Amino acid sequence: MQPPFSKFHNMKIVKAICLGMSAFALPLFAADWSSNYQAMAAFDPDNAEGNRPGYVKPIATYVGSVLNANWISNAGVPQAFTFEAGLPFNIVFLKDRDRTYSKSDVPTIFGDKAEYTYDNNLQRYVIGGNKNLNGLSVFTLPYLQLGGSFYHARLVFRGMYFPDITQLRGYRLLGFGLQYSFGHFFNDKLPTGLRDHFDASLAFGYNSAYIGYRPDDFSGKLDLDFTAMHTQLILGYSPFKPVDLMLSFGYETSKMESSGHLTYDKGGDIHPGITVHGRNGFRFGAEVAFSFGASFHPVVGGNFGTVNALNANVLYFKQSFGENKKAEQNAKDESSQDAQTAAEAPADTSGAAVAEQDYGQNESQDSTQAKTLSPREQKKLRLRNNTNGSDAQEGRGVQQ
């Protein structure tokens with residue numbers, strides 16, 4: 001009979017204890033998604049689980065990138081009055097670099113699961129990404145846009161409004177854009193093959209947007225205010241009338257300010273208050289604008305830089321009132337004016353011949369009068385004739 005506390009029996013007991021401890025530790029340290037409470041607490045600068053600007057920075061980057069798109073519809077702005085309107089949208093592709101942050105490559109809110117362990121770089125415990133946001137690969141926001149242009153200057157307005165819908169507690173957007181085309185200053189001096197085909201302009205866009213959010217198991221809401229700006233240089237070439245090829249080079253910025261108040265149903269308050277700047281930087285664009293019929297004006301292309309995005313501005317309309325003079329026609333008009341001026345110029349020199357003729361007549365009359373004058377009066381007469389003679393000589397010089 002085996003003793004109750006034999007070596008074999010003791011090993012079985014130790015093994016059972018180890019298995020039990022590992023089963024208990026697994027749910028504590030296994031990788032997991034962040035809870036709604038942890039994700040919302042990231043916006044609270046004073047919460048023990050919060051103050052994680054790097055965790056939510058991709059939101060500022062991608063919202064700002066969408067808002068900074070679709071400001072241009074042509075490289076050049078016509079001289080005639082033009083009205084435009086449409087529903088442009090920009091599709092941003094999420095990059096892998098925005099799914100992690102910090103030197104430790106811990107997950108952002110778009111990231112993957114993570115173990116709840118302490119990170120020395122962050123000086124706080126690591127939380128995983130949001131399960132719903134992790135599944136996103138593209139991001140976009142809708143807005144309406146309308147504007148007008150006159151004499152190479154363009155003004156554009158955009159906006160959108162959504163009421164409270166389930167977890168979305170409102171979406172509002174207001175923005176304006178300015179564009180000035182300066183190609184008309186030098187277009188007529190370009191080689192004949194480039195005239196009326198090349199143009200350039202400067203553009204600036206400003207956006208102010210608001211997004212409200214309230215997750216399940218919470219009361220109150222998270223308020224996010226966004227500011228985005230984009231300044232760019234646009235170069236365009238139109239090989240034939242319906243097509244305009246555009247390249248843009250610019251710099252974009254975005255900022256997100258959080259506020260509001262959230263109360264967790266299971267206990268705990270969150271007071272959002274951090275400000276986060278997006279990944280500001282240079283932005284390069286390559287787009288093609290088409291003109292079909294009198295008003296249909298779609299624009300498609302891509303943006304590259306801080307993020308990669310697709311511009312699909314397919315529902316856009318533009319109508320011009322009046323005609324624009326082409327550079328070649330302007331050059332012909334200027335040549336005609338120069339020729340007319342040159343033809344009229346000789347008529348102005350005829351006065352010199354008249355002055356010389358008058359001088360000869362006066363000299364003849366004065367010589368006759370001099371015979372009847374005293375010596376003193378004759379001296380004055382000679383002095384006057386010398387003055388008139390010099391004026392006539394100057395007139396002959398001008399005529400020559």
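User: How do the residues of the lining of the largest cavity divide into nonpolar, polar and charged?

Analyst: This is a predicted model, in which local features need pLDDT of at least 70, side-chain atom pairs count only at pLDDT 80 or more, and totals for chains, interfaces and linings use all residues. Residues are numbered from 1 along each chain as its sequence is written, and side-chain values use heavy atoms, with hydrogens and water left out. Ala, Val, Leu, Ile, Met, Phe, Trp, Tyr, Cys and Pro count as nonpolar, Asp, Glu, Lys and Arg as charged, and the others, Gly among them, as polar. The lining of the largest cavity holds three nonpolar, eight polar and two charged residues.

User: Which residues lie nearest the centre of the largest cavity?

Analyst: On a 1 Å grid over the protein atoms alone, a cavity is a set of points where a 1.4 Å probe fits but cannot get out, and a pocket is an open set with protein on both sides within 12 Å along at least five of seven lines; lining residues have an atom within 4 Å of a point. The largest cavity has a volume of about 80 Å³, a volume being the space filled by probe spheres set on the points, with grid points joined across faces, edges and corners. Of its 13 lining residues, those nearest the centre are N70, H230, Q232, E287 and N303.

User: Which element gives the most to the lining of the largest cavity?

Analyst: Helices (H or I, at least four residues) and strands (E, at least two) are DSSP runs, numbered from the N terminus. Both β12 and β16 (281–290) supply at least two residues of this lining. The top contributor, with three residues, is β16.

User: Which residues are closest to the centre of the second largest pocket?

Analyst: The second largest pocket has a volume of about 750 Å³. Among the 30 residues that line this pocket, the closest to its centre are L133, F139, L168, I211 and Y213.

User: Which element gives the most to the lining of the second largest pocket?

Analyst: The lining of this pocket divides into 23 nonpolar residues, six polar and one charged. The most, four residues, come from α3.

User: Which residues does F226 touch, not counting residues up to four places away in sequence?

Analyst: Contact means heavy atoms within 4.5 Å. F226 is one of the members of the largest nonpolar core that touch the most others. With that sequence limit, F226 touches I59, A60, V63, N207, S208, A209, I211, K255 and M256.

User: Which residue of β8 is the bridge partner of G86?

Analyst: Two strands pair if DSSP finds at least two bridges between them. Six antiparallel bridges join β1 to β19 (residues 316–321), where F81 stands opposite F321. Five bridges join β1 to β8 (residues 144–150), also antiparallel. In β8, the partner of G86 is Q145.

User: Is H152 buried or exposed?

Analyst: H152 is found in the loop between β8 and β9 (153–165). Although H152 is not a glycine, its phi is positive, about 75°. With a relative accessible area of 9%, H152 is buried.

User: What is the relative accessible area of D196?

Analyst: D196 lies in the loop between β10 and β11. Its phi is near 65°, a positive value in a residue other than glycine. D196 counts as partly exposed, with a relative accessible area of 31%.

Note on methods
Core = buried A, V, L, I, M, F, W, Y, C linked by side-chain atoms within 4.5 Å. Buried < 20%, exposed > 50% of the residue type's maximum accessible area, 1.4 Å probe, protein only.
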